[in-house]
Amino acid sequence: MIVPTTSFRDRLAQDRVVLAPGVYDAFTASLATAAGFEALYLSGAAIAYTRLGRPDIGLVSVSEVADTIALVRDRVATPLVVDGDTGYGNALNVQRTVRMFERAGATAIQLEDQSFPKRCGHLTDKAVIPAAEMAGKIKAAVDARASDATLIVARTDAVAVEGVSAALDRARLYVEAGADVLFVEAPKTRDQLAAIATDLGGIRPLLANMVEGGQTPISSAAELGALGYRLVIFPGGIVRALARQAQDYYGSLAQHGTTQPFRDRMFDFNALNELIGTPGMLALGETYKDFAPAKREDAA
């Protein structure tokens with residue numbers, strides 16, 4: 001388990017990029033932490049895909065995300081950036097969302113300026129609320145958090161609706177409202193990625209979102225760090241990888257009536273238990289059996 005030695009705010013201020021893989025539950029969070037990542041990104045889209053079996057179109061509720069945060073936090077201490085969608089309503093809903101997510105264990109909470117119901121940032125036909133309304137929601141989020149260590153990430157989807165220049169104007173307004181990190185969603189070219197970094201990089205740490213097959217060309221964390229981005233997420237990649245693997249597994253089982261042809265692509269029972277820490281948990285449980293308090297000498 002990674003236990004941070006510096007605050008996430010201070011880490012993002014450093015001149016090196018943070019790569020945060022997408023996770024959707026405690027299991028994927030534990031695997032990503034074991035791989036050595038400094039931070040994790042709890043993806044609303046990935047929760048929709050895996051928990052609901054549905055697209056990212058605003059179907060996931062605030063309570064479902066808060067429950068997931070708590071389960072992840074019970075398993076790992078790694079800094080957790082949480083996708084809060086639109087905040088699930090107006091400024092007052094945003095405040096409730098921030099309080100719930102912060103109590104559950106979020107390190108940073110991302111809020112976006114789409115109208116509701118929102119949709120994945122890399123789908124077409126998005127709509128955004130007025131910039132001033134979103135600035136009010138960011139201010140409400142800042143006012144609601146219990147600790148300044150909880151970061152507010154302001155995301156704008158305006159590139160697809162109003163253009164890059166308007167998205168930059170929105171981002172600057174969100175900074176005035178108190179945003180700690182800026183996220184300009186779905187630039188379409190590397191030139192746009194670079195222009196965003198040039199314009200906003202000296203104001204707040206910037207987040208870049210890499211979606212396989214999405215609107216933005218895929219770049220590595222190192223390439224984006226060189227442009228000036230400080231946080232890079234690959235939010236849904238784990239679901240796309242597991243979906244391909246699961247499709248192949250079920251196809252093989254249906255064809256052969258046994259898992260034997262697929263065994264070299266699977267953990268066996270014992271290996272999976274090692275992976276999730278079963279022996280250690282059982283050993284810990286043994287230490288609590290038959291507890292007897294130490295005898296004390298009666299006072300004279």
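Alanine 127 lies in the loop between strand 4 (108–112) and helix 6 (131–144). Helices (H or I, at least four residues) and strands (E, at least two) are DSSP runs, numbered from the N terminus. This is a predicted model: local features need pLDDT of at least 70, side-chain atom pairs count only at pLDDT 80 or more, and totals for chains, interfaces and linings use all residues. Residues are numbered from 1 along each chain as its sequence is written, and side-chain values use heavy atoms, with hydrogens and water left out.

**Alanine 127**
- Alanine 127 counts as partly exposed because its relative accessibility is 35% (buried is under 20% relative accessible area, exposed over 50%, partly exposed in between; 1.4 Å probe, protein chains only).
- Beyond its neighbours within four places in sequence, alanine 127 is in contact with Asp113, Gln114, Ser115 and Val161 (heavy atoms within 4.5 Å).
- Alanine 127 and valine 161 are 34 residues apart in sequence, yet 6.6 Å apart in space, C-alpha to C-alpha.

**Helix 11**
- The 20 residues of helix 11 (residues 237–256) should span 28 Å at 1.5 Å a residue, and the end C-alpha atoms are 29 Å apart, which agrees. The expected span is 1.5 Å times one less than the number of residues.
- Gly237, Val239 and Ser252 are the buried residues of helix 11.
- These buried residues pack against helix 3 (44–52) and strand 8 (231–234).
- Glycine 257 follows helix 11, with a positive phi near 70°.
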